[in-house]
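Here is a short walk through a structure with several chains. Start with how parts touch, then follow the chains one by one.

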Amino acid sequence: MQMFEATGVPGHQRAEGAPENRGRRRFVQVLLGGGLLASAASFIYPVLRYIIPPPATDMGGDTVVAARVGDLKPNTGKIFRFGSRPGLLILGADGEYHALSATCTHLSCTVQYRGDLHQIWCACHNGLYDLAGRNVSGPPPRPLQLFDVHVRGEEIVVARKREA
Amino acid sequence: MIAKHSGVPTTRAFRVVGCRRAPLLALFVAAVLLALPAVAAPPQSTCLDCHSAMDGKLKITAEQYAQDVHAQKGLSCASCHGGDPASMDAMEKSKGFKGHIERRQIPALCAGCHADGSYMRQYNPSLRTDQLAQYKTSVHGKRLAAGDTKVAVCIDCHGVHGIRPASDTRSQVHPLNVAQTCSRCHADREYMKGYPVKGDEFAAYSSSVHHEALTVRGDLSAPTCTTCHGNHGAAPPGVATVENVCSTCHAFQAQLFDTSPHKAAFASAGLPGCVTCHSNHRILQPDDSMVGAGPQAVCTNCHSAGDAGFIAAGNIQQQLAGLQTAIGKSETILTRAEHSGMEVGQAQMELADARDRLTKARVTLHSFNPAKIEEDVKAGRQIAQKTYQAGEQALRERDYRRLGLGVSLVTILVMLIGLTLYIGEIERK
Amino acid sequence: MSGFAIVRDWLDERFGWAELTAPLRHKKVPMHRLSYWYFLGGITLFLFIIQVCTGILLLLYYRPSANEAWESVQYITTQVQFGWLVRSIHSWSANLMMLTAFAHMFSVLFLKSYRKPRELTWVTGALLLFLAMGFGFSGYLLPWNTLAFFATKVGTEVAGQVPFIGKWLLIFLRGGEDVTGATLGRFFGFHVAVLPGIATVLLGIHLLLVQKFGISVPPAVEKDFYLAPESTREMRFFPNFLLREMIAWYIALGVLGALAALSPWGLGAKADPFAPAPAGIKPEWYFLFMFQTLKLIPSKLWFIDGEVVGVLAFGAAGMLWMLLPFLERPQPQSQWARLLISGIGVFALAYIASMTVYGYMAK
C-alpha cells in the first residue's frame with residue numbers, strides 16, 4: 001500500500017522481497033494482530049462479565065423487606081438492615097407493626113425492644129423511647145426516626161418516609 | 001359595675017339645673033362620659049399612673065407589669081401591697097396599704113396565696129403549694145430565719161413585678177436561665193464573703209458537659225443548679241448522699257459503682273461518691289485518659305504504684321485503649337477502601353457495633369472489675385477484627401483492579417507499538 | 001481470496017459498495033506543521049462512541065426514579081461485575097469529551113477552518129457543542145446525589161431567568177415547580193432518547209459535510225503548503241491517517257482506564273430535598289465560567305435584574321458564536337477584518353479559561 005499518490009518516493013528504498021523485510025513484516029503483523037486480540041479481549045471480557053446479572057438483585061433503596069409474616073411473635077422486635085443503618089421492626093401486642101431507626105439519638109448505640117416495658121430501650125445509658133419513637137426517659141435528646149411499614153403478601157416492607 | 005367604681009360624685013350634677021346652664025351641663029356630662037373609661041379601668045392602673053413616671057426603684061411601667069403572670073390573672077398591685085387603688089388616697093395605711101415589703105416578710109407574703117391549695121386550685125391545680133415549707137428547710141430559709149437578709153428570697157429568683165411562669169423561656173427560673181440567676185449572688189465573691197461558697201461554681205458549671213447539653217444541644221432535661229441542689233429547698237447534697245442525686249439520671253453507673261470496692265471505701269473515707277472522680281460542678285466529658293496511671297488519671301489520686309487498685313486501673317486502661325485502637329485501625333482501613341471506590345457500607349455498619357461495645361465498656365468501668373469490663377472489650381475487639389478483615393478484602397479487590405488495569409495498559413502499549421511499526425512498514429514503500 | 005475480499009465483493013454486487021466507499025478511500029488529509037490538530041475531531045467522536053456504549057451498558061441496570069436511582073448506581077458500582085469500570089469510564093469520558101470538543105472547536109476557529117464553504121459545518125459543530133453541554137447537564141443529575149440535586153436546582157433556576165418564557169422554561173425543565181423525581185424522569189428521557197436522537201442527526205450532517213468539503217488548510221501554512229510538491233503534501237486518510245487516529249484512540253482508552261481504576265468517580269450521599277444546600281455548590285467545570293460570571297454581575301443593572309442580564313448576555317454570545325463564520329467576508333480586505341474572528345476567539349478562550357480557574361478558586 002502506498003501513502004503517496006506518486007510513484008517516485010524520495011529517500012532510501014528497500015527491496016521488497018529481502019528476507020529481513022519479510023521477517024520484520026511478520027513480526028509487525030504478529031504484534032498488531034496479537035495486540036488487537038489482546039486489547040479487544042481486555043475490553044470485551046469486562047463487558048461480558050458486566051451484562052451477566054449479579055446474584056444479589058436487591059438494590060437497597062428506600063424500601064426494604066424487613067421480615068416475613070410470622071417471623072415475629074407479638075410484643076417482640078427484630079433488628080434489620082436498612083441501607084447501611086440498623087432499623088428496628090416491632091410487632092406490638094396489639095398486632096400493629098412499627099418500624100423505626102435503631103440508632104439511639106444519644107450516643108448512637110443500637111436500641112432494642114423491651115416486651116416487659118412495651119418500650120424501646122437503649123442498653124448503653126438506659127434511654128427509653130415509646131413505640132412512636134418519642135424519647136420518654138433518660139439521656140436521648142431526640143426521638144427515633146419513624147419508617148412506614150406495610151405488609152405486602154408474606155413480606156413486611158419498611159420504607160423511608162420520603163417524597164417519590 | 002361602672003357606677004360602683006367610677007367615683008364620680010353623681011349628686012352634685014343634678015343640682016345644677018336650669019335652661020341657661022344646659023349647654024354647660026351637656027358639656028360637663030360629655031366630659032364625664034369621656035372620662036369614664038379612664039376611671040372605669042381596672043384598678044391597678046391608678047398605681048401605675050404615678051409609678052410609671054417615677055425613677056429608680058419606684059418606677060414600674062404598665063408594659064412591664066402587663067408581662068407579669070399575676071397581672072394577667074387579674075391580680076393588682078393591691079393584691080400584694082394592700083391599699084385601695086380605687087381611692088385617691090390609695091396609699092393610706094388605714095386602707096391597708098403595706099408599702100414596701102420587708103425582705104424577711106416576702107416568703108410569708110407569697111405563701112399567703114401560693115401555699116393555699118384551694119386558692120391556687122382556681123388558677124393552676126397542678127402547681128405545687130409546698131414552696132414555703134421547702135424553703136424553710138433550705139440554706140436560704142434557715143439563714144433568713146436567723147436574721148440574714150442577704151440570702152435569696154422569692155423575688156430574687158422569680159423577679160418582682162414581671163414574674164413569668166418557669167416554662168416561659170424569658171423567665172429567670174426557666175431551666176436555661178437558672179444558673180445565670182443563681183450566679184447573680186453565688187458568683188459574686190464580694191457578696192459571698194463570709195459564706196462557705198467559693199464563688200467559682202458558676203464558672204465551673206459553665207464549662208461542664210451538663211451546661212453544654214442544656215445550652216448547646218438544647219436538652220432541657222440536662223441538670224442545672226436546681227436539679228441537684230433543689231429549688232425552693234436549695235441546699236448542697238451531702239457527701240454521703242450525692243451519689244443518689246447523680247444516680248437519678250446515671251442509674252447504670254450508680255448500680256455498677258455500688259457493686260464495686262469503691263462504694264465501701266469512699267463511704268468510710270468520707271469521700272463524696274461520684275464527685276470524687278468527676279467533680280461536682282466542673283463535670284467534663286469523661287475521657288479514657290481518666291483511667292490508669294497517666295498524667296490525667298484520677299486513679300493515682302488515691303492508688304499508689306504496685307497496689308491492687310493501681311494494677312487494676314492499668315489493666316482497665318489498657319483494655320479500653322486496645323479496643324479504641326482496634327476500632328481506629330478498622331476505621332482507617334475502611335475509609336481508605338471507600339476512598340479507593342470500594343463499597344464497604346456493611347462493614348462500616350458492623351463497626352458501629354464495636355463502638356457500641358466501647359461505650360458499654362466505659363459504663364461497665366464503674367464496677368472497677370477488669371474481668372467484667374473485659375467481656376465488653378473482647379466482644380468489641382472481635383467485631384473490629386472482622387471489619388478490619390473486610391477492609392483488607394476490599395483493598396485486595398482494589399489491587400486486583402489495578403492489576404487488571406496494568407494488563408490492559410500493556411495490551412494497549414503493544415497495540416501502540418504495533419501500529420507505529422505497521423505505519424512505518426506501509427509508508428516505507 | 002481473503003475473507004475481507006469475499007465480503008467486500010458480496011456487498012459491492014448488491015449495494016455498489018466500491019462506489020459508496022470511494023470518497024472515503026480517496027480522502028486526503030493535508031500534511032503540515034499544524035496537522036496534529038486534525039486529530040481532535042476524531043478523538044471527540046471516539047469518546048462520544050464510548051459514551052454511547054457505556055451508556056447502553058449502564059441502561060441495563062440504572063433505574064430512573066428518585067427512590068431507586070442512587071441505589072441503582074451504587075448497585076452498579078458495587079455489585080455488578082466491572083460495573084465500577086463502566087460507570088467511571090462513562091463519567092470520565094464525558095469530561096474528556098467536553099475538553100476535546102472545546103479544543104476541537106477552538107482549533108477549528110484559530111486554524112480558520114470555518115471559512116467558506118464550511119460555514120454549516122461550523123454551525124452544526126456549535127450546535128453539537130451545546131448538545132454536549134445538555135448531555136452533561138442532564139446526565140449529571142441521574143445518580144441523584146446531593147451535589148447533582150443542588151447543581152440542577154441552581155442551573156434550572158438560572159434558566160428561569162430568561163425573560164418572558166423563563167417561568168415556562170423552568171417548569172418544562174423541572175417537570176414542576178421544584179426539582180423532584182419528575183425532573184429526574186424528564187432528564188433521563190432527554191439524556192437517553194431526545195439528545196442522542198438530535199445528536200445523531202447533527203453528527204451525521206457534520207460528518208457528511210466534512211466528507212464533502214474535505215479537510216481545510218489553515219491560512220497560516222497555506223503558502224508553504226502550496227510550495228511543497230503535490231506528491232508529498234497530502235496523506236491518504238485510509239489507512240494512513242486512520243492508523244494514526246487509532247493510536248490516539250488507544251491512548252485515550254488507556255487514559256480512561258487509568259482514570260477509572262486509579263481515581264474512580266465517587267457517588268456521594270443520596271439527595272435529600274429537605275436538607276439545606278451544602279456550602280459551595282458548583283456546577284461541573286464546563287459550566288463554571290458561566291456560573292462565575294453570573295455570580296459577579298451585580299444584582300441590578302439599571303432597572304434589569306443582574307441574572308437576566310447574564311442569561312441574555314450568554315444567549316447572545318451563544319448566537320454570535322454559532323454564526324461566527326458569517327462575521328467574516330470570504331475575502332477579508334483589511335488586516336483588522338482578518339483578525340476579527342481570531343480576536344474574538346482569543347478573547348473567548350481567555351475568558352473561559354480565566355473564569356473557570358476563578359470559579360474553582362472561589363469559595
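Two residues are in contact if their C-beta atoms, placed from the backbone, lie within 7 Å. Keep that cut-off in mind for what follows. The model is predicted.

Begin where two chains meet. Chain B brings 15 residues to its contact with chain C, and chain C brings 15 residues as well. Look at the side of chain B that touches chain C. Eight of its residues are nonpolar, three are polar and four are charged.

Now take chain B by itself. Its secondary structure consists of 23 helices and zero strands. The chain has 429 residues, and 26% of them are buried. Consider the contacts in chain B between residues at least 6 apart in sequence. Of these, 55% link residues at least 24 apart.

Helix α18 of chain B spans residues 251-259, and its buried residues are B:Gln253, B:Leu256 and B:Phe257. Why do they sit on the same side of α18(B)? They cover an arc of only 105 degrees around the axis, so they fall on the same side of the helix. What do the buried residues of α18(B) pack against? Their partners are α19 (261-269) and α22 (345-364) of chain B.

The largest nonpolar core has 75 residues. Within it, C:Leu47, C:Met97 and C:Trp144 touch the most other members. Helix α5 of chain C, residues 83-110, gives the most to this core, with 13 residues.

Return to C:Leu47. Leave out residues up to four places away in sequence. C:Leu47 then touches C:Ser93, C:Leu96, C:Met97, C:Thr100 and C:Ala252.

Stay in chain C for one more residue. Where does C:Glu284 lie? It is in the loop between α11 (237-262) and α12 (285-296) of chain C. A residue is buried if 20 or more other C-beta atoms lie within 10 Å of its own, and exposed if 12 or fewer do. C:Glu284 has 19 C-beta neighbours inside 10 Å, so it counts as partly exposed. Not counting residues up to four places away in sequence, C:Glu284 touches C:Gly136 and C:Tyr140. C:Glu284 and C:Tyr140 are 144 residues apart along the chain, yet 8.4 Å separates their C-alpha atoms.

Chain A is next. Its secondary structure comes to one helix and 10 strands. Along the sequence, the pattern reads α-β-β-β-β-β-β-β-β-β-β. Chain A has 164 residues, with 28% of them buried. Among its contacts with a separation of 6 or more, 36% are between residues 24 or more positions apart.

How are strands of chain A arranged in the open sheet? Six strands form it, in the order β1-β10-β9-β4-β3-β2, with antiparallel pairing. The edge strands are β1 (63-68) and β2 (76-82) of chain A, and each pairs on one side only. From one strand to the next, the twist averages 30 degrees. Strands of a sheet pair through backbone hydrogen bonds, either parallel or antiparallel.

Five bridges join β1(A) to β10 of chain A, residues 155-159, and the two run antiparallel. Across this pairing, A:Thr63 stands opposite A:Ala159 in β10(A).

Notes
Residues numbered from 1 in each chain as written. Chains lettered and ligands numbered in written order. Predicted model: local features only at pLDDT ≥ 70, side-chain atom pairs only at ≥ 80, totals over all residues. Helix = DSSP H or I, 4+ residues; strand = E, 2+ residues; numbered from the N terminus. Pairing = 2+ DSSP bridges. Axes fitted to C-alpha atoms, helices over the stretch in contact; angles between N-to-C directions. Nonpolar A, V, L, I, M, F, W, Y, C, P; charged D, E, K, R; others polar. Arc of directions from axis to C-beta. Core = buried A, V, L, I, M, F, W, Y, C linked by C-beta atoms within 7 Å.
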